[in-house]
Amino acid sequence: MPATPFTDPHLLTSHLYGSATRLTQRTSALHAAKVSGADAADTIVDLAARAATPPRVVGDIGCGRGTSTLHLATALRPRRLIALDRSQPLLDIAASRVRDAGHVVTPVVADFHSLPLAEECLDLAVAAFCLYHSPHPQTVLAEINRSLAPGGRAVLATKSADSYAELDDVIASIELDPHATARPSLYQAFHSGNAADIVAETLLVEDVVHQRHEFCFDSADALASYVATSPKYSMSQTFRDTSRLAAQLRRLPRWPVLATSTVTYILARTP
């Protein structure tokens, strides 16, 4: 894997998001292990709802499989909802989920560094768990600012740089990846520690919310289901198979395995 896999263009369009398989498995494994922490989509909607006037046009940028898109459609019922992602397979799933729930959505395939949106067309822009995929998140934020109407707001979500670091120790301890603890964070481009400052270069930050999330992996199978999806680790291709990876993880002397992450939300508006 590249040193910074979350910003590698080839990896983003192939292994990471060329299909929905990896993301679905990763999300499912985390949700199954989660023991504390508020629901991310609910928090995003709560922040978006602070606007005095309900947003008429909403853009969910980097929408992925559409979890936040569906929540925005259901809670805010905008006149127009745009779901934008670079991955056609993920966008297809997002659009289907929203339409199956009875809402109208406009799916757009695009790179968020150059949004195919008119100037000042959005009342609300959401960019959840995607800006760490940009080596230059400032460029994306400038595009979001360009697309926001005067007084428009943005809700941005990311994770701490040390998210799931406890798992690095686990992977290194049984030498699946002896250098796991030395590898850079997947979230280093835009994380809890630098996100507000980066956003403030372009938008006016109104609020920053940090929430601690905790996870408990109670079996080797549960942990393998998550670890196999992580591009952070340099492991033999053999161990990308979850059953073989689980067999190695059973060597761990103690269970369950605990992990933590800080999720950070930023509410901002146009200058």
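1. Helix α3 (residues 40–48) packs against helix α4 (residues 67–76) at an angle of about 45°, and their axes are 9 Å apart. Axes here are lines fitted to C-alpha atoms, for helices over the stretch in contact, and angles run from 0 to 180 degrees between N-to-C directions. Helices (H or I, at least four residues) and strands (E, at least two) are DSSP runs, numbered from the N terminus. The model is predicted: local features need pLDDT of at least 70, side-chain atom pairs count only at pLDDT 80 or more, and totals for chains, interfaces and linings use all residues. Residues are numbered from 1 along each chain as its sequence is written, and side-chain values use heavy atoms, with hydrogens and water left out.

2. The angle makes α3 and α4 oblique to each other (angles under 35 degrees count as roughly parallel, over 145 as roughly antiparallel, 65 to 115 as roughly perpendicular and the rest as oblique). On the α3 side, the contact (heavy atoms within 4.5 Å) involves Ala41, Asp42, Ile44, Val45 and Ala48. On the α4 side, Thr67, Ser68, His71, Leu72, Ala75 and Leu76 take part. These residues divide into 7 nonpolar, 3 polar and 1 charged (Ala, Val, Leu, Ile, Met, Phe, Trp, Tyr, Cys and Pro count as nonpolar, Asp, Glu, Lys and Arg as charged, and the others, Gly among them, as polar).

3. From α9 the contact takes in Ala220, Asp221, Leu223, Ala224, Ser225 and Val227; from α10, Thr242, Leu245, Ala246 and Leu249. By class, the residues of this contact are 7 nonpolar, 2 polar and 1 charged.

4. Some backbone values deserve a check, because most residues other than glycine have a negative phi, and most peptide bonds are trans. The bond from Trp255 to Pro256 is cis, with omega near 0°. Pro256 sits in the loop between α10 (242–249) and β8 (257–269).

5. Glu120, which is not a glycine, has a positive phi of about 55°. This residue is in the loop between β4 (106–109) and β5 (122–128) and is partly exposed, at a relative accessible area of 47%. Tyr164 also has a positive phi, near 60°, and belongs to the loop between β6 (148–159) and α7 (165–173). Tyr164 counts as buried, at 5% relative accessibility (buried means under 20% relative accessible area, exposed over 50%, partly exposed in between, with a 1.4 Å probe and protein chains only).

6. The count of disulfides (pairs of cysteine sulfur atoms within 2.5 Å) is 0. For Cys63, the nearest cysteine sulfur is that of Cys130, 9.2 Å away. Cys63 is buried, with a relative accessible area of 6%. The sulfur of Cys121 is 15 Å from the closest cysteine sulfur, in Cys63, which is too far for a bond. Cys121 is partly exposed, at 24% relative accessibility.

7. Gln188 is in the loop between α7 and α8 (195–200), partly exposed at 36% relative accessible area. Gln188 and Phe6 are 182 residues apart in sequence, yet 8.9 Å apart in space, C-alpha to C-alpha. Apart from neighbours within four places in sequence, Gln188 is in contact with Thr4 and Asn194.
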